[in-house]
Amino acid sequence: MFLIRWLHKWFGLVLGLQFLLWAASGAVMALLDHHQVSAEHAILPVARIEAPAQPLPLAALSETVGAPILKLQFKPLFDTYVYEVTTAAGVQVLEATRGTPIPIDAAKAKALAVARYSGAEPVRSVERVDRPTLETRDLALPVWRVEFSDKDRTTLLVSATTGEVLGAKNDTWRLWDIAWMLHIMDYQERQSFNHPLIVTVAVGAAWLALSGLILLFRSFRRGDFAWILDPWERLAARRRARRPTARAGAHGAPQSASEDAG
Amino acid sequence: MRWPALARKTHKWLALLVAIQAVFWTLSGLYMTAVHIDIIHGDRLVKAPPSVPIDMTGLVEPAHLAHLAPGLLAARLERQLGEPVYVVETESGKALFDARTGAKLSPLTEAQARARARALFAEDGGIVSAELLTKAPLEVQTRPMPLWRVEFEGAWRPTFYISPFTGELVSRRHDLWRTFDFVWMFHIMDYDDRQDVNNPLIRVFTWMAVATAATGGWLLIYSFRRKRRVRKAAA
């Protein structure tokens, strides 16, 4: 038991800070409402518009694209139907009736973001993101970052290739993300929780917790629970004391004593 | 009460409440960090789709799709089992059409679901069972039903979930994922449906864990100082 106490102390000294950070970052993540963190309510569903009766025929489309088509989508993009064409060279977005390319430039990205934004606040900034950032680490780049001037600095991320709204971030997420970084101990990219550092520290922390649990059995004595055990035992003693006397009147003492023993 | 005694007492009593959960947290955390998330997701179970171009000649024209699928919202032309198909989205749901003949393929029969699962499975094992589920099991509780559940032979009971409406692989599961989901339940303390990371239990216990760790740190100050004194006295 002395060894376990010694180990608990030293593991606590070395790993205690990370244990505290895990508990605190976990507490923060548990407090932040995950609907708010996901910013899902900031994005409206795609608005329904009339599909064109005569979209470009496939032969004409193939000719316009000029490369073998791997995948083809026909879908609404804000105010018009488009063909989203995947070839070996990448993805193109073409207006569905004429086949004219729709470049996703800053103005288009802004319009697409505004159309899907559930709030009423105006756009604060539009920026193109070509290199991975904390906000765009899970997304296919390049994207347009369209930030709105609401309290939560809601930001819609619009694909610069397809024009699709890929996600949204807000200040609740940004705070959550700091807790997440501390929790998964990936201080650079905040992405991976499968690295040698965290596995090693987790083994140590598991021992810290387990040794603490073992020590509990040694740390408590009857006196620690006197506040609950004493009144309980007094109550039990009083009931024991009362029972024989109550029965003694009706049946006599010897019988009740034998009942008590049983 | 002296400060060291107060530190010891608070640490001890807080630990009495959180110790078992702390063991659960660290052990579940250890599993989640030790087994790589790509393995958990079952990436290796699924074959990468071959990028073969679609022959556009003789296919059903997009203009005709609205007649095949009233209330058409969107359509996707892709290859399934090597054949061109349209996956369409309408006001009344999703459907699958043969892109050459325009024949409706959905809802998929068992044979069609098995064929798609088989073609996507990256390992050698055969199919153990295939059944159409109408009530979502826990492991795909967030997915819309119905789904074809196709289980394979192989390590960790690999299982594919195929949509009868689109023919797509909606989800893949295996025992390492199921174990992850089980320990996740302990990690977020949602012992009910393993989803709510904001439940009252975890909100209370995490702050108690913060207090336990903090009082533990407080206790460290006295623990080491006292030991040095003992050594000096012994020397």
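1. Among contacts in chain A between residues at least 6 apart in sequence, what percentage join residues at least 24 apart? The share is 50% for chain A, and for chain B, with contacts counted from a separation of at least 6, the corresponding figure is 50% as well. These values, like everything that follows, are computed from a predicted model, and they should be read with that in mind.

2. On overall dimensions, chain A has a radius of gyration of 34 Å, whereas a compact globule of 262 residues would have one near 18 Å. The C-alpha trace of chain A spans about 110 × 50 × 40 Å along its principal axes, and 27% of the 262 residues in this chain are buried. Its secondary structure consists of eight helices and seven strands.

3. Chain B contains six helices and seven strands, which follow one another from the N terminus in the order α-α-α-β-β-β-α-β-β-β-β-α-α. Chain B is more spread out than a compact globule, because its radius of gyration of 28 Å is well over the 18 Å that the globule rule gives for 235 residues. Along the principal axes, the C-alpha atoms of chain B fill a box of roughly 95 × 40 × 30 Å, and buried residues account for 31% of the 235 residues.

4. For chain B, the assignment gives domain 1 as 3-36 + 182-229 and domain 2 as 43-173, with 45 Å between the C-alpha centres of the two.

5. The contact between the chains involves 48 residues of chain A and 46 residues of chain B. On the side of chain A that touches chain B, the elements giving two or more residues are α1, α3 (58-65), β1 (69-77) and α6 (196-219) of chain A, and α1(A) provides the largest share, 13 residues. By residue class, this side of chain A divides into 33 nonpolar, ten polar and five charged residues.

6. The largest nonpolar core has 91 residues, of which A:Val158 and B:Tyr86 touch the most other members. Helix α1 (residues 2-31) of chain A gives the most to this core, with seven residues. As background, nonpolar side chains in soluble globular proteins tend to be buried together.

7. In chain B, strand β6 (residues 159-162) has a partner on each of two counts: four bridges join strand β5 (residues 147-152) to β6(B) in an antiparallel arrangement, and four bridges join β6(B) to strand β7 (residues 169-173), again antiparallel. B:Trp148 stands opposite B:Ile162 in β6(B), while the bridge partner of B:Tyr161 in β7(B) is B:Ser171. B:Thr159 and B:Tyr161 point one way from β6(B), B:Phe160 and B:Ile162 point the other way, and all are buried. In a regular strand the side chains alternate between the two faces of the sheet.

8. The two connections of β6(B) deserve a check of backbone geometry. The hairpin of β5(B) and β6(B) has six residues between the strands, and B:Gly154 there takes a positive phi near 135 degrees. The hairpin of β6(B) and β7(B) likewise has six residues between its strands, with B:Gly167 in the turn at a positive phi of about 75 degrees.

9. Is B:Ile221 buried or exposed? This residue lies in helix α6 (residues 200-234) of chain B, and B:Ile221 is classed as exposed because 12 other C-beta atoms lie within 10 Å, the class being set at 12 or fewer. The C-alpha atoms of B:Ile221 and B:Pro4 are separated by 8.7 Å, although the two residues are 217 residues apart along the chain.

Conventions
Residues are numbered from 1 along each chain as its sequence is written. Chains are lettered from A and ligands numbered from 1 in the order in which they are written. This is a predicted model: local features need pLDDT of at least 70, side-chain atom pairs count only at pLDDT 80 or more; totals for chains, interfaces and linings use all residues. The radius of gyration is taken over C-alpha atoms; the globule rule is 2.2 Å times the number of residues to the power 0.38. A residue is buried if 20 or more other C-beta atoms lie within 10 Å of its own, exposed if 12 or fewer, and partly exposed in between; C-beta atoms are placed from the backbone. Two residues are in contact if their C-beta atoms, placed from the backbone, lie within 7 Å. A nonpolar core is a set of buried Ala, Val, Leu, Ile, Met, Phe, Trp, Tyr and Cys residues joined through C-beta atoms within 7 Å. Ala, Val, Leu, Ile, Met, Phe, Trp, Tyr, Cys and Pro count as nonpolar, Asp, Glu, Lys and Arg as charged, and the others, Gly among them, as polar. Two strands pair if DSSP finds at least two bridges between them. Domain bounds come from an automatic or database domain assignment.
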